[in-house]
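Hello,

Here is the structure we discussed handing over. Please look through it alongside the notes below.

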Amino acid sequence: MKPCILLIEDDGDMRDLVAGHLEHSGFDVQKADDGIRGQALALQYVPDLILLDLMLPKVDGLTLCQRLRRDQRTARIPILMLTALGDTKDKVSGFNSGADDYLTKPFDLEELTVRVKALLRRSDHAPLSTKHAEILSYGPLTLVPERFEAIWFDAPVRLTHLEFELLHCLLQRHGQTVSPALILKEVWGYDPDDDIETIRVHVRHLRTKLEPDPRKPRFIKTVYGAGYCLELPSAVPSSSSATSQASRG
């Protein structure tokens with residue numbers, strides 16, 4: 001069965017161009033030209049991936065993304081935003097609203113295909129062991145791939161696909177500094193560029209769920225100019241106060 005992609009784009013020429021390319025690449029494409037119609041089709045088809053324009057009539061892309069993330073039926077569908085707004089603050093807004101990736105117009109159609117396939121691979125619920133020999137538990141942290149969940153100081157923490165993959169990437173190399181280039185390639189699945197704001201936003205999201213004080217991180221540390229390091233204690237504190245530090249997401 002072909003993967004189903006929902007394309008929500010109000011520009012008719014762009015919509016037809018992108019849909020035609022994706023169909024030629026082997027995808028089934030459903031199309032919507034405004035936010036209300038897009039939400040209705042998302043609930044009707046529950047697609048494998050959503051391509052979402054930011055500037056939409058009736059309901060804008062940011063609002064629609066937030067609605068889709070709040071609905072359990074669509075909460076875990078990968079969302080790739082397509083927009084002409086390429087400033088860092090626009091990308092941050094997109095990621096904060098729940099987008100998984102962000103592509104600025106004009107874009108190369110082959111680059112779009114690479115991003116789409118990377119998101120589909122990452123959203124696959126197959127065990128992560130197909131990627132590399134994994135570490136799924138160390139000290140207070142255990143990852144549960146089947147539920148995209150972390151057990152943090154004995155408390156379950158719900159994660160998005162991206163948060164799970166990012167934490168998994170850092171856990172494989174706990175105690176080591178992981179470069180942004182490696183994170184982008186391993187987590188996002190495409191060659192890195194100079195924009196690492198994508199990583200920063202998702203690191204902040206992880207810190208709000210795992211750190212006692214996200215503004216003064218103890219576990220997910222920034223190594224300025226080099227990357228990020230996950231530093232975990234090898235032994236779990238026995239006191240119940242450790243559990244209370246963890247956010248349940």
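Predicted model: local features only at pLDDT ≥ 70, side-chain atom pairs only at ≥ 80, totals over all residues.

Residues are numbered from 1 along each chain as its sequence is written, and side-chain values use heavy atoms, with hydrogens and water left out.

An open sheet of three strands runs in the order 10-12-11 with antiparallel pairing (strands are DSSP runs of E, at least two residues, and helices of H or I, at least four, numbered from the N terminus; two strands pair if DSSP finds at least two bridges between them). Its edge strands are strand 10 (177–178) and strand 11 (220–223). Helix 6 packs on the sheet, touching strand 10, strand 11 and strand 12, and its direction makes about 75° with that of strand 12 (contact: heavy atoms within 4.5 Å; axes are lines fitted to C-alpha atoms, for helices over the stretch in contact, with angles from 0 to 180 degrees between N-to-C directions).

Leu162 is in helix 6 (residues 161–172) and is buried, at a relative accessible area of 1% (buried is under 20%, exposed over 50%, partly exposed in between, with a 1.4 Å probe and protein chains only).

The rings of Phe148 and Phe164 have centres 5.3 Å apart and planes at 75°, so they are edge-to-face (rings of Phe, Tyr and Trp, the last by its six-membered ring, pair with centres within 6.5 Å; planes under 30 degrees apart are stacked, over 60 edge-to-face, the rest tilted). Phe148 is buried at 3% relative accessibility, and Phe164 at 0%.

Regards
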